[in-house]
Amino acid sequence: MRRYRFALGMTAVTLVWAVLGSLLLWLPGLGLAETATAVAAGIDPEVRQWGYMAAALATGLSSLGAGFAVASVGSAAVGAIAEKPEVFGRTLIFVGLAEGIAIYGLIISILILNALTG
C-alpha cells in the first residue's frame with residue numbers, strides 16, 4: 001500500500017508541474033516570438049495555444065491511462081505466469097495492448113502539432 005501511495009504522489013507532482021508549465025503559455029510577454037510566427041503563418045495565437053494544450057493533454061493523459069492499465073494487467077500477467085508458465089505469450093499480448101494506449105495518444109498529438117504548423 002505504501003508503494004502505491006508513493007507512486008500516486010509522484011504522479012500527482014508530475015501532473016502539477018505539467019499544468020504549471022503549460023500555464024506559462026498564457027503569461028503575457030513570454031511568447032512574443034511565437035505570436036509573431038503564428039501571425040505570419042495566418043493562425044490565431046489563441047488557437048495555437050489551445051492546440052499546444054490539446055497535444056500536451058492527449059499525450060499526458062493517454063500515458064497516464066496506459067501506466068495504470070499496464071500496472072493492473074502486468075500484475076495479473078505475472079500472477080498467471082507464476083501459475084501456468086505456458087500462458088506467457090498470451091499475457092504479453094494484453095500488456096502490449098495496454099501500452100498501445102500511449103502510442104495512440106502520441107499519434108494524436110503529432111497530428112495536432114502537424115495541423116498547427118501546416
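From the N terminus on, the elements of the chain run α-α-α-α, which makes four helices and zero strands. Helices here are DSSP runs of H or I with at least four residues, strands are runs of E with at least two, and both are numbered from the N terminus. The model you are looking at is predicted, so local features need pLDDT of at least 70, side-chain atom pairs count only at pLDDT 80 or more, and totals for chains, interfaces and linings use all residues. Residues are numbered from 1 along each chain as its sequence is written, and side-chain values use heavy atoms, with hydrogens and water left out.

Let us start with helix α3, residues 45-83. At 1.5 Å a residue, its 39 residues should span 57 Å, and its end C-alpha atoms are 57 Å apart, which agrees. The expected span is 1.5 Å times one less than the number of residues.

Of the 118 residues of the chain, 18% count as buried, meaning under 20% relative accessible area, while exposed is over 50% and partly exposed lies in between (1.4 Å probe, protein chains only). In α3, the buried residues include Arg48, Gly51, Met53, Ala55 and Ala58.

Next, see how α3 meets helix α4 (residues 88-117). Two packed helices are described by the angle between their axes and the distance between the axes. The axes of α3 and α4 come within 9 Å and cross at roughly 175 degrees. Axes are lines fitted to C-alpha atoms, for helices over the stretch in contact, and angles run from 0 to 180 degrees between N-to-C directions. Angles under 35 degrees count as roughly parallel, over 145 as roughly antiparallel, 65 to 115 as roughly perpendicular and the rest as oblique. Therefore α3 and α4 are roughly antiparallel to each other. The residues of their contact divide into 23 nonpolar, nine polar and two charged. Nonpolar covers Ala, Val, Leu, Ile, Met, Phe, Trp, Tyr, Cys and Pro; charged covers Asp, Glu, Lys and Arg; the others, Gly among them, are polar.

Now pick out a residue in α4: isoleucine 107 is found in this helix. Isoleucine 107 is partly exposed, with a relative accessible area of 42%. Isoleucine 107 and alanine 55 are 52 residues apart in sequence, and 9.6 Å apart in space, C-alpha to C-alpha.

Finally, turn to helix α1, where valine 19 lies. At 42% relative accessibility, valine 19 counts as partly exposed. Valine 19 and leucine 57 are 38 residues apart along the chain, and their C-alpha atoms are separated by 9.5 Å.
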